[in-house]
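User: I'm new to this one. Can you walk me through it?
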Amino acid sequence: MGPRGGRGLYVGRRAAALLAVLLLALLAALLALAALYGRCRQEAPPPARPSPAAPGPTAPPGPTAAGGSGRRLPGHLLPLHYDLELWPRVRPGQAGPFSFSGQVNITVRCRQDTDAAVLHSSGLRSYGVPAVRGPLPEPGAAVEVARLRQEAADEVTVLELRGRLRAGRRYVLQLGFQGRLEEDLDGLFLTRYTDQGRSSMLIASQLEPTYARTVYPCFDEPALKATFNIRIVHDPSYVALSNMPAIDVSEMKDENGSLWAVTTFNTSLKMSTYLTAFVICDFDYVTRTERGNEIRIWARKEAVKNGYVDYALNITGPIFSFLEDLLNVSYPLPKTDLVALPDFGAGAMENWGLMTFQESSLMYLPSDKFTSRKAMIAVIVSHELGHQWFGNLVTMNWWNDLWLNEGLASYFEYLGATFVEPKLSLDKIFYDHVVQPVLREDNEIGVRSLSESEDKIKGSFSLMSLFDSITYNKGASITWMLSGFLTEKLFIRALTSYLRQFSFSNANQDDLWTHIQMVVDAQDKVQLPASVKQVMDSWTCQNGFPVLTLNVTTGTISQEQFLNKKNENSTDSYNNTWIIPVSWMRNGSSQPLMWLDKSSKMFPEMQVSESEYDWILLNVNLSGYYRVNYDQLNLKRLARLLENDPKAIPAVSRFQLIDDGFALTQFGYIQIETALELTKYLAREDELFIWNVVLLNLVPENLESTLKNYEVYPLLKKYLLKRVLPIYRYYAGFIRQNVDALEDDYFAQVYLEKLFATVCWLGLQDCLNLSSELYAKWMDNPEYNQILLALNSLFN
């Protein structure tokens with residue numbers, strides 16, 4: 001680190017990214033402020049002020065293309081094994097268009113007599129003569145194929161037979177195929193990139209949910225698991241990767257005498273078609289071995305040389321070991337490849353043994369010591385590693401229970417990330433990034449339940465619509481709540497039992513409930529008010545979530561679905577009731593868990609005395625997936641407590657009180673004045689993640705949008721500025737004197753941009769001065785001239 005000579009602002013190499021973001025935020029705020037003052041001189045005030053509103057959540061990362069058909073296969077045939085050869089006809093420097101061909105031989109067991117073999121195929125052309133061998137093991141036996149019929153709308157290929165396949169016998173379906181190799185990031189695709197100043201190409205795959213059928217004819221349903229022998233024909237200058245280790249690389253010549261390499265892979269474990277994966281590239285890798293598992297991180301040669309994937313390599317093994325030890329179930333593969341793709345639409349994909357990532361999700365500059373970037377990589381890597389158990393080893397029966405894959409992986413991603421980055425605050429990050437965003441989405445008419453019936457997810461239903469924040473974030477939130485009231489010890493014990501029972505197979509949510517019930521029944525410390533299925537189905541099979549209303553005079557808690565009372569269409573439409581675990585605190589002391597299993601129930605323990613120091617707090621640390629509304633008596637006591645001693649209420653509960661208050665206002669349960677009572681204490685609030693939820697609710701995401709209602713601006717300025725000053729001054733001191741001290745402050749790196757932009761927008765002179773100092777420092781330092789490019793894009 002360079003010397004801190006002279007006066008003024010020191011900009012360390014490690015602080016460059018953070019200061020660049022802050023500078024852009026401050027300048028944007030200045031532009032909005034200038035526009036605001038200019039507009040105020042020109043226009044008359046609008047007739048009314050809007051209620052504060054918060055922006056909606058960002059959906060978790062997932063595959064981005066339109067989803068495939070939910071058409072189900074007849075069920076006459078059960079796939080046992082695939083022998084698959086893929087041959088992408090791509091040479092380095094070739095201009096295109098590109099294609100691929102292949103041959104698949106599928107060993108099946110006939111479960112019901114049939115004169116037709118129906119399997120999935122989409123966008124593929126038949127190549128050669130299809131055949132059906134068998135019944136096995138009779139030598140030379142075959143069933144003649146009368147014709148091959150493709151039904152494009154249903155994405156199936158039908159082999160019409162002159163004979164019948166007999167139940168209980170095994171056969172081999174033999175099909176050649178050809179397809180186009182596009183640059184669309186789905187199925188088998190080609191992508192172009194630059195490495196060490198040279199243009200290059202690679203081939204990769206993305207098959208979830210139903211793109212395997214676009215690469216090879218197959219039984220493309222998650223429950224139709226089989227083993228795979230895979231062989232890839234490719235240009236000799238490339239390396240080929242698949243789910244299992246390569247066991248042979250040979251050579252062959254095509255019909256023109258051109259030389260090709262042939263990479264053969266070991267037989268896979270039993271798995272679903274959407275998990276098969278293929279990468280053909282000219283990448284380098286770094287490697288280490290963890291408990292016999294060879295881990296390789298593949299990336300562009302320049303990125304590997306510069307150490308950009310070293311962090312991913314250093315955390316992958318420890319997370320594997322953490323999950324193995326926690327779940328007490330070993331990872332069954334001998335190797336794991338993680339590939340950083342320059343262009344990848346899915347963000348990341350958990351393919352068994354060959355995980356693929358967008359470059360930005362896996363690469364970390366060694367000179368960047370700030371936590372936020374590491375945290376993002378650790379979370380994404382942990383999510384995909386969690387899938388090795390939840391999704392790969394045990395897979396949902398059908399897409400209606402996708403949350404068993406994505407919700408559980410989203411829960412474990414935070415456990416894995418905080419294991420390798422222990423300075424992260426697990427509970428704060430989980431509630432801020434997972435629970436709060438989905439609560440804002442899961443209250444609209446038409447939002448689906450977490451688990452749908454299989455009948456709803458079929459036909460023309462777009463499976464891609466299931467890859468949303470309900471599946472990821474609500475699934476993780478419900479899992480967090482479940483672990484909380486069971487205790488983590490019992491929850492993990494149940495998961496271990498579930499994983500061992502259904503390894504290399506499939507399950508639905510009732511199977512998970514059964515294994516949790518078995519664990520609950522085997523002990524007597526944790527008692528539930530109903531069966532595990534009754535409790536949990538109330539959360540997974542109903543859409544939305546409840547709001548609890550507490551009357552501390554009578555000790556009565558009532559529940560109703562949290563809906564927008566201002567929307568005529570949203571009231572009186574639902575009579576949903578949940579079985580709700582109610583964690584609570586009285587006067588700072590945690591109390592035994594209560595259960596609300598009906599629409600209203602009296603809890604004498606929750607009646608308060610006349611003392612203003614007697615107060616009740618429900619849903620402590622946001623442990624349950626619901627909002628809480630208090631009567632005026634308790635709200636006033638909580639507001640007074642916050643002003644006198646904010647630390648008496650846990651930080652996550654302070655976050656929850658404020659967010660619930662604004663949500664209740666927005667949906668017509670309480671008045672805005674009531675919500676603002678809970679924010680009067682904010683001059684004493686030192687948690688940035690709490691300040692962020694305040695600003696999300698009070699300050700528009702687009703600062704200039706307030707121009708439309710500029711009467712709000714002076715009111716916000718008067719109310720917020722005096723409360724935000726202490727935390728602003730605290731962090732401004734670091735920005736001026738020792739910004740490197742923030743390298744472990746995750747929330748500073750994530751939320752200072754919003755805080756500082758707001759303070760500048762409110763017109764604080766010191767903030768405006770700070771923006772000038774930052775700008776001058778950047779202009780004087782040629783090492784960071786790239787900021788000028790960002791400024792040009794901002795102003796243009």
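User: Which residues form one aromatic cluster?
Analyst: F390, Y411, F412, Y414, F430, Y431, W480 and F491 form it. The model is predicted: local features need pLDDT of at least 70, side-chain atom pairs count only at pLDDT 80 or more, and totals for chains, interfaces and linings use all residues. Residues are numbered from 1 along each chain as its sequence is written, and side-chain values use heavy atoms, with hydrogens and water left out.

User: How many aromatic pairs are there in the whole structure?
Analyst: A search finds 38. Rings of Phe, Tyr and Trp (its six-membered ring) pair if their centres lie within 6.5 Å; planes under 30 degrees apart are stacked, over 60 edge-to-face, and the rest tilted.

User: What about Y431 and W480?
Analyst: They form an edge-to-face pair, 5.6 Å centre to centre with 75° between the planes. The pair links distant parts of the chain, 49 residues apart. Y431 is in helix α6 (residues 426–441) and W480 in helix α7 (residues 469–486). Helices (H or I, at least four residues) and strands (E, at least two) are DSSP runs, numbered from the N terminus.

User: Are those two buried or exposed?
Analyst: Y431 is buried, at 3% relative accessible area. W480 is buried too, at 15%. Buried means under 20% relative accessible area, exposed over 50%, partly exposed in between (1.4 Å probe, protein chains only).

User: And how do Y498 and F502 sit?
Analyst: Their ring centres are 5.8 Å apart and their planes are at 55°, so the pair is tilted. Both Y498 and F502 are buried.

User: Switching topic. Which charges lie over a ring face?
Analyst: R91 lies over the face of W260, 3.6 Å from the ring centre. The cut-off: NZ of Lys or CZ of Arg within 6 Å of the ring centre and within 35 degrees of the ring normal.

User: Now helix α3. How far does it reach?
Analyst: Helix α3 (residues 310–327) has 18 residues and reaches 27 Å from first C-alpha to last. That is close to the 26 Å expected at 1.5 Å a residue. The expected span is 1.5 Å times one less than the number of residues.

User: How many of its residues are buried, and what follows α3?
Analyst: In α3, 13 of the 18 residues are buried, so the helix is mostly covered. N328 follows α3, with a positive phi near 60°.

User: Last one: where is T107?
Analyst: T107 is in strand β2 (residues 98–110). T107 is buried, at 15% relative accessible area. Beyond its neighbours within four places in sequence, T107 has contacts (heavy atoms within 4.5 Å) that include L78, H81, L136 and Y171.
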